[in-house]
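Please look over the sequence and the model shown below before reading on.

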Amino acid sequence: MRLENKVAIITGAASGFGEGMAKRFAQEGARVVIADLNAKGAKRVADEIGEAAIWTQTDVSLRSEFDEMVYAAKSAFGHIDIMVNNAGYTHRNGDMLEVDEETFDLITAVNMKAIYHAALAVVPIMERQGGGVILTTASTAGLRPRPGLTWYNASKGWAITATKSMAVELAPKNIRVNCLCPVAGETGMLEKFMGADTPEIREAFRASIPLGRLSTPLDIANAALWLASDEAAFITGVALEVDGGRCI
């Protein structure tokens, strides 16, 4: 029970990596807040976990919704120990000049500004409690960018740099800040990452990964679990590659 008596908020937890984290955290004793714009999916995940979970419909691009999410978490569980910035958005793989401004703005709001909103909402709480953990789902795209996802790549590079800077600044408050860098996995955004979902394109993606497969929600959840746990008490400012060797 590596997260016993811990409370975790996980954004984008109605599916994919976020759902995997929520269920894995609950298995290890955490109480979890399933936060997602998709209310139906968030409720489903919370119901499947049971009494250790609540759900909130949360638009991470809006500060006011972060405040409501934090209020729900504290009302239900009394404190907040772990904040996972997992919600993400991307444009379809293709020419960077063909990404419209509305899509670009949404990418920056969800992948970048939401981290700022989260910090404003939870850092004061964690400081009063004596510490905490902030974890962000970044991407291998922020470490080894490839053509076709330029603006998404840039947002994840920003997330990695923000993680490292936050880690240094928040260390005196005993708040650890890390991020995960998954390779493409079986999530709702996979088709956009690939541009089109065909057996040939999937095989090309798999061929670029030394261990020979895409990531799974459980792969990411297990890495997140370790970084969120006290086993990683001396780990901060890390961008952990969970990529089957993709970034080598």
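## A bent helix and its setting

Helix 4 bends by about 45 degrees at Lys113, the bend at a residue being the angle between axes fitted to the seven residues ending there and the seven starting there. This is a predicted model, in which local features need pLDDT of at least 70 and side-chain atom pairs count only at pLDDT 80 or more, while totals for chains, interfaces and linings use all residues. Residues are numbered from 1 along each chain as its sequence is written, and side-chain values use heavy atoms, with hydrogens and water left out.

Helix 4 covers residues 101-129, and its 29 residues reach 40 Å from first C-alpha to last, close to the 42 Å expected at 1.5 Å a residue (1.5 Å times one less than the number of residues). At the N-terminal end, Asp100 caps helix 4 through a side-chain oxygen that lies 3.1 Å from the backbone nitrogen of Glu102. Gly130, with a positive phi near 100 degrees, follows helix 4.

The protein has eight helices and seven strands, which are DSSP runs (helices H or I, at least four residues; strands E, at least two) numbered from the N terminus. Its overall values are collected here.

| Property of the protein | Value |
|---|---|
| Box filled by C-alpha atoms, along the principal axes | roughly 50 × 35 × 35 Å |
| Residues that count as buried (under 20% relative accessible area, 1.4 Å probe, protein chains only) | 51% of 248 residues |
| Accessible surface (Shrake-Rupley method, 1.4 Å probe) | about 11,200 Å² |

Carbon and sulfur atoms account for 55% of that accessible surface.

Definitions and conventions: A polar contact is a pair of N or O atoms within 3.5 Å; within protein, one must be able to donate a hydrogen and the other to accept it, and residues adjacent in sequence count only if both atoms are side-chain atoms. Buried means under 20% relative accessible area, exposed over 50%, partly exposed in between (1.4 Å probe, protein chains only).
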